[in-house]
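Here's a quick tour for anyone opening this model for the first time. Have a look at the picture, then read on.

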Amino acid sequence: MKNLFRLFILGCMVLFMASCHDTETYADQKKKERSAIKQFIEKQGIKVISEKEFKIDSITDVSKKEFVLFENTGVYMQIVRKGCGEKIKYGESANVLCRFNEYNLLTDSLSLSNNVLYFSSLPDKMAVTNTLGTFTATFVSGVMSTFYQTTSVPSGWLVPLSYVNIGRMVNEDDQVAKVNLIVPHSQGTSRALASVIPYYYELTFERGI
């Protein structure tokens, strides 16, 4: 009986130690996140430029796969198209329609999108306000708010609004703004924050009504 008890205790200890070993710390998760972002950048052949380089003309050369890194947030941005129309001005509020693909960089997979036939007439809509150059926004409707059960807009989505035009297509050659973003968990969705997941977004912006 004593031997059985000792074996039981030993078994519990082994399970406890294995459980402790499998539990990731926040530092471990952040390390994994940094590794995933680095691997994605290398795999895609992305050329990272500094904010100083970017602010010379506020352009990223798509042919060179340039992304600007914003050091204070860790967000990487590539402007594919500046877009038609004008930027959202200081003190202005506007509805912005968004089309997006969201990729989980830890699993290298598409996790969410509204670029599918079912949502063809239902882009995500967010209400945006520019207060002295600081943008705030909430989702009014769409896939993001439904899926994540919150109206909060990921902070990373607001970064491009200082640099792209938010207009509507009026003329035949007009195009809406398009950006690609690498968004670390600290600037991402509620799931990104909770699970330390970096995401890659292909994102368009169009002025709504």
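Let's start with a term for the open spaces: on a 1 Å grid over the protein atoms alone, a pocket is an open set of points where a 1.4 Å probe fits, with protein on both sides within 12 Å along at least five of seven lines, and lining residues have an atom within 4 Å of a point. Lys-30, Glu-33, Arg-34, Ile-37, Lys-38, Leu-69, Glu-71, Gly-74, Tyr-76, Pro-184, His-185 and Ser-186 make up the lining of the second largest pocket.

Bear in mind that this is a predicted model, where local features need pLDDT of at least 70, side-chain atom pairs count only at pLDDT 80 or more, and totals for chains, interfaces and linings use all residues. Residues are numbered from 1 along each chain as its sequence is written, and side-chain values use heavy atoms, with hydrogens and water left out.

**The chain as a whole**

- The protein chain has six helices and nine strands; these are DSSP runs numbered from the N terminus, with helices (H or I) of at least four residues and strands (E) of at least two.
- Of the 209 residues in the protein chain, 41% are buried, where buried means under 20% relative accessible area, exposed means over 50%, and partly exposed is in between (1.4 Å probe, protein chains only).
- Among contacts in the protein chain with a separation of 6 or more, 61% are between residues 24 or more positions apart; a contact means heavy atoms within 4.5 Å.
- The accessible surface of the protein chain is about 12200 Å², worked out by the Shrake-Rupley method with a 1.4 Å probe.
- Carbon and sulfur atoms own 56% of that surface.

- The largest pocket holds about 270 Å³ of space, and the second largest pocket holds about 210 Å³; a volume here is the space filled by probe spheres set on grid points, which are joined across faces, edges and corners.
- Lining the largest pocket are 13 residues, and those nearest its centre are Thr-73, Ser-155, Leu-158, Val-159 and Ser-162.
- Strand E7 (134-141) and helix H5 (155-158) each supply at least two residues of the lining of the largest pocket.
- Sorted by class, the lining of the largest pocket has five nonpolar, seven polar and one charged residues, with Ala, Val, Leu, Ile, Met, Phe, Trp, Tyr, Cys and Pro counted as nonpolar, Asp, Glu, Lys and Arg as charged, and the others, Gly among them, as polar.
- For the second largest pocket, helix H2 (residues 26-44) gives the most to the lining, with five residues.

**Two residues with positive phi**

- Most residues other than glycine have a negative phi.
- Leu-132 has a positive phi near 50° without being a glycine, and you'll find Leu-132 in the loop between strand E6 (124-131) and strand E7 (134-141).
- Leu-132 counts as exposed because its relative accessibility is 70%.
- Val-196, also not a glycine, has a positive phi of about 55°, and sits in the loop between helix H6 (190-195) and strand E9 (199-207).
- Val-196 has a relative accessible area of 3%, so Val-196 is buried.

**Around helix H6**

- Ala-192 lies in helix H6 and is buried, at a relative accessible area of 0%.
- Setting aside neighbours within four places in sequence, Ala-192 touches His-185, Ile-197 and Tyr-199.
- Ala-192 and Asn-104 are 88 residues apart in sequence, but their C-alpha atoms are 9.2 Å apart in space.
- Thr-189 is in the loop between strand E8 (177-183) and H6, and counts as buried at 4% relative accessibility.
- Beyond neighbours within four places in sequence, Thr-189 is in contact with Glu-102, Met-144, Tyr-148, Pro-154, Tyr-199 and Tyr-201.

**A residue in strand E7**

- Thr-138 is in strand E7 and is partly exposed, with a relative accessible area of 38%.
- Apart from neighbours within four places in sequence, Thr-138 is in contact with Lys-125, Met-126, Ala-127, Thr-151 and Val-153.

**Cysteines**

- The structure has zero disulfides, a disulfide being a pair of cysteine sulfur atoms within 2.5 Å.
- Cys-84 is buried at 11% relative accessibility, and Cys-98 is buried at 0%.
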